[in-house]
Amino acid sequence: MALKIVKGSIDRMFDKNLQDLVRGIRNHKEDEAKYISTCIDEIKQELKQDNIAVKANAVCKLTYLQMLGYDVSWAAFNIVEVMSSSKFTYKVSCSQLQLQSVDAVLITTIINSVSLPLVTQDLSSPNQYDTGVALTGLSCFVTPDLARDLASDIMTLMSHTKPYIRKKAVLIMYKVFLKYPESLRPAFPRLKEKLEDPDPGVQSAAVNVICELARRNPKNYLSLAPLFFKLMTSSTNNWVLIKIIKLFGALTPLEPRLGKKLIEPLTNLIHRALDLLYGMVSKKNLMEIVKKLMLHVDKAEGTTYRDELLTKIIDICSQSNYQYITNFEWYISILVELTRLEGTRHGHLIASQMLDVAIRVKAIRVFAVAQMATLLDNGHLLTGNMQRNGICEVLYAAAWICGEFSEHLEDPMQTLEAMLRPKVATLPGHIQAVYVQNAAKLFATVLRKQEGTTDSLAAQETSQLLIDRLPLFVQSANLEVQERASCILQLVKYIQKLQQKEVEVAEEVTALFAGELNPVAPKAQKKVPVPDGLDLDAWINEPPSESESEDEKPKAIFTKEEPKHTRPRHTEVDEKELARRREARKQEQANNPFYIKTSPSSQKVYQDQPGVEHIPVVQIDLSVPLKVPGMPMSDQYLKLEEERRQKERSERKKKEKKKKREKHGRGRRADSGPESEEDITPAHHVDIVTEEMPENALPSDDDDKDPNDPHKALDIDLDKYVYDVQGNLQDGSQVVVSVIFENKTDHFLKSMEFNVLDSLNSKLQRPEGSSPHDGLAVPFQLPPGVSNEARFVFSVQSIVMPQKLKGTLTFIVKTEDASTHEKLDFKLHFTCTSYLITTPCYSDAYAKLLESGELKSSSLKLEGVIMPFHHLLARICFHHHFSVVERIDSCASMYSRSIQGHHVCLLVKTSNQTVSIDAKCDEPSLLGNVLDEIKHTFSQC
Amino acid sequence: MIKAILIFNNHGKPRLSKFYEHYSEDTEQQIIRETFHLVSKRDENVCNFLEGGMLIGGSDNKLIYRHYATLYFVFCVDSSESELGILDLIQVFVETLDKCFENVCELDLIFHVDKVHHILSEMVMGGMVLETNMNEIITHVDAQNKMEKSEAGIAGAPARAVSAVKNMNLPEIPKNINIGDISIKVPNLPSFK
């Protein structure tokens, strides 16, 4: 028998196999069609042979031809025949053919009559792969008849002992259901059971099938919701999770209660998605993204989710000093639109953004003031029921902005009136206080306007208005409101007296509020140079002696004080005290609207004020969204912005065309590729007001050259930054990155902020309380041509893999007449080498280490290294932080240690320009990466 | 449901096509051409999902693709599939190919299209995703390869000898051709568990 087979094979062994066919087709590029037709003829011959192996080979080739687009349906019968063979190999090739393309009824009958017994036989094969292939094949050519006849067999297979068969059987049931719907009812209980199968593959198959079924008739599958819910919270397979979420998408419209249950797991997912958004934004897409988010805000159910969206919008917009905002008018209107949110807890966040933008972006003030005036005018809408409303915090910002920048107000009188309405007295105390104070500022502005005209009566009427309205505030229970109100009331009364004597007072009243309040940089104090001859560490008085202090301990009057141990010396104020003071200072700064915070996002401005956080939030249904009249919609800006960019683009193109026409353009931007980030110019030139620095803080360089060209500032070549990553020996999870910044421009660079997108493994260490997206201020400024070094600490979890971190440096370029905000992207490469620390090791300890047998080994060969051996060693020592343990002739042992205590040992040998390095380490992946890096070092020389 | 899985190179030459719905050979070829035109025009940095062509599925249909070196991997799916899920699946597919062929390149796909089908059939069955765990897929593929080898046994010996002789005479043995510049780079992405 065997001999016969061998003989048969020898006869046919010069038949083409699949690879020959492929090769042949590739060699007959010119007459491919002709070649293939001869091949098809050969295949036909082969199919006529008795030998099943030959037939199988033919079928295999047919598969390939079918892919190339040749009709193979004529071979259907043979294919089924091969399928019936007892040899696994042959069947496999058949199952790949798409027999469905055989559409003749005749063939279907053949399949039914021939394949049924064959498939049934295979289905019960003891070999799981035989059964598997039969199932795969069946999935391609299930017919209603086959489905009917095989349904029960397949159902049995769903409980097969092998998970491999179970999952295939489960999947194929879907095909059976499609062709033979009656089988669904009896099969369903078993299918449901498979949702809880111990094998994750089977589970996932069952989820797949039910999701497909439920897509057509979701209501029949509502009963499975609890089961799916359990799966969703327990499964870790992404595929299954995605499917289940899709399924719930179909189910929730039918069962509203389901939505509530889903909120929690889904918001977790949404959180992750929102975090991604943060990194996605650019100047180009910011408006679009925020618009989408605003739509979600409108639709959001549940205040928690809505608040989450709100903070994300603000986070995204304000990140890295508003670097992605090209149009601040748009941003202000977004903020104003956000004030329409009922019951949000983040009123103070919106308020602080309004303040921040209005203070720092000078050009926007006119617009902002107009918006804020409308907001104040409609204040009653926002405070409909202030007991539960955190949004009234924005009125704080609105009142302050209107007061401080009142010169931009169109109708200050109206705003003044709005601020003195009796309803204001229902606002929280701290807001009332701002109202009162700023009413006085407005009063000054109004007086100036009115005294300019001849109508002196009007001015007196204004004073009367204040005198009428202020007593309400004088009665306030809030001390600050009371104090300010009574103070201002008396002032106005005095002014009125003067006015009655026809004295012009406006000038003097305005003087009360004169002077612009500029933002102060948080580190301004530090920048003040210590004057010569002042020693800050020297004692002013002799320190009291310790014994003395104990003797003179004041007696507690009411409570008995715990005896303190030794009193800390003045020089070393203990950490807690420092932290407490720092905290107090932060609080103080946070409450000061004139103080620019380190980062816009971490503002907790009025947190210490009672009330807002603790007001119970009740949700009300507001079917009609509140529209505050007269407020622009941010959408309009989006449109405008698009039009503007369109216009700009077409103009730019025109210009370029012109340029090209005027001989070959010399422009830097000869090619106008796709619109890049830099091409988007801000709508109006917004100079972000630079933070105030104390005089003579650092040698400032104001005599700049040639400020005529505004583009020059954009042309910054600061690409030279050098950095060095070094592990910290004291702490196994810290590395220090020293970055040298060199200013290669002609301009002064300041307010540099260094920010890195944290990865799961490595995180930039930021001061406590700041969010993971905040940048770190670089503690110096850079005059032209100067370089300086700054250090940043990163915490690293795993050190076995190298890593690249992306980051941005934002900075302000100061030219003579303007300051522009710029940014520079960079990458930090944390090599594994940087986690190694040069550690000496004695040869006996080294030998012991190697003998311990706990180290995994690996090796590396470097060819063509032409350098003296000691140079080579020096190079490894220098670049990769190793130390030489011992050296004998052209062989040396080296040692290094990682910051987490992994030992790395090298044995370096050299002969004839070939260097072989045998290495051992207790962490194989760390070792592999270090070796790669060593290889890289030598490939560069 | 997955309607079709297509792999073609930068010139639109099909390297693998698997349709899970019935189309005539002509339509299949048209679909491949149309898909190639839709996909090849797109920039490297734009989204990996797009609306499907007219031929396959119409509006309910989406194309999800990834471009690796010289090859496009395209999945045509309907709305019941998640784009990101499929994108991950493509990654699993390519990583599996890379494991099975050791630095997979276009030539591997040309000469061993049967094996590629094989691997694919362990991942997707009848248009439904069967397995997303790479280790599981490889285990089953390997086990079946072993079976085939042992089955070939005595009967396969002469054929193998001949095939070896044929290969010897030919200057081009697929593995040795310029693997360097056409090998598919598999970026490390977090894949399914």
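Modeller: Two residues are in contact when heavy atoms of theirs lie within 4.5 Å. A:Thr510 provides a case: leaving aside residues up to four places away in sequence, A:Thr510 touches A:Ala444 and A:Arg448. The model is predicted, so local features need pLDDT of at least 70 and side-chain atom pairs count only at pLDDT 80 or more, whereas totals for chains, interfaces and linings use all residues. Residues are numbered from 1 along each chain as its sequence is written, chains are lettered from A and ligands numbered from 1 in the order in which they are written, and side-chain values use heavy atoms, with hydrogens and water left out.

Biologist: In which helix does A:Thr510 lie?

Modeller: Helices (H or I, at least four residues) and strands (E, at least two) are DSSP runs, numbered from the N terminus. A:Thr510 belongs to helix α27 (residues 506–512) of chain A. The C-alpha atom of A:Thr510 is 9.8 Å from that of A:Val446, although 64 residues separate the two along the chain.

Biologist: How many helices and strands are there in chain A, and what percentage of its residues is buried?

Modeller: Chain A holds 34 helices and 14 strands. Buried means under 20% relative accessible area, exposed over 50%, and partly exposed in between (1.4 Å probe, protein chains only). Of the 941 residues in chain A, 48% are buried. Among contacts in chain A with a separation of 6 or more, 71% join residues 24 or more positions apart.

Biologist: What is the mean pLDDT of chain A, and where is confidence lowest?

Modeller: pLDDT is the predictor's confidence in each residue, from 0 to 100. Where it is low, the predicted coordinates should not be read in detail. Chain A has a mean pLDDT of 74, with 73% of its residues at 70 or more. Confidence in chain A is lowest in helix α29 (residues 546–551), at a mean of 49, and highest in helix α26 (residues 479–500), at 90. Residues 597–632 of chain A stay under 50, and the model has 78 contacts for them beyond four places in sequence. Residues 656–679 of chain A are also below 50, with 20 contacts in the model beyond near neighbours in sequence.

Biologist: At what angle do helix α11 and helix α12 of chain A pack?

Modeller: Two packed helices are described by the angle between their axes and the distance between the axes. Axes are lines fitted to C-alpha atoms, for helices over the stretch in contact, and angles run from 0 to 180 degrees between N-to-C directions. Angles under 35 degrees count as roughly parallel, over 145 as roughly antiparallel, 65 to 115 as roughly perpendicular and the rest as oblique. Helix α11 (residues 184–194) and helix α12 (residues 200–216) of chain A pack at about 135°, with axes 9 Å apart, and are therefore oblique to each other. From α11(A), the contact uses A:Leu184, A:Leu191 and A:Lys194; from α12(A), it uses A:Val202, A:Gln203, A:Ala206, A:Val209, A:Ile210 and A:Leu213. Ala, Val, Leu, Ile, Met, Phe, Trp, Tyr, Cys and Pro count as nonpolar, Asp, Glu, Lys and Arg as charged, and the others, Gly among them, as polar. By class, the contact of α11(A) with α12(A) has seven nonpolar, one polar and one charged residues.

Biologist: Which residues of helix α10 make the contact with α12(A)?

Modeller: Helix α10 (residues 163–179) of chain A packs against α12(A) at about 10°, with the axes 8 Å apart; the two are therefore roughly parallel. The contact is made by A:Pro163, A:Arg166, A:Lys167, A:Val170, A:Leu171, A:Tyr174 and A:Phe177 of α10(A), and residues of α12(A) including A:Gly201, A:Ala205 and A:Arg216. By class, ten nonpolar, two polar and four charged residues take part in the contact of α10(A) with α12(A).

Biologist: At roughly what angle do the axes of helix α2 and helix α3 of chain A cross?

Modeller: The axes of helix α2 (residues 18–27) and helix α3 (residues 32–48) of chain A come within 9 Å and cross at roughly 155°. These helices, α2(A) and α3(A), are therefore roughly antiparallel. In α2(A), A:Asp20, A:Leu21, A:Gly24 and A:Ile25 meet A:Glu32, A:Tyr35, A:Ile36 and A:Cys39 in α3(A).

Biologist: Is A:Tyr322 buried or exposed?

Modeller: A:Tyr322 has 4% relative accessibility and therefore counts as buried. A:Tyr322 is placed in helix α17 (residues 303–322) of chain A. Phi of A:Tyr322 is near 60°, a positive value in a residue other than glycine.
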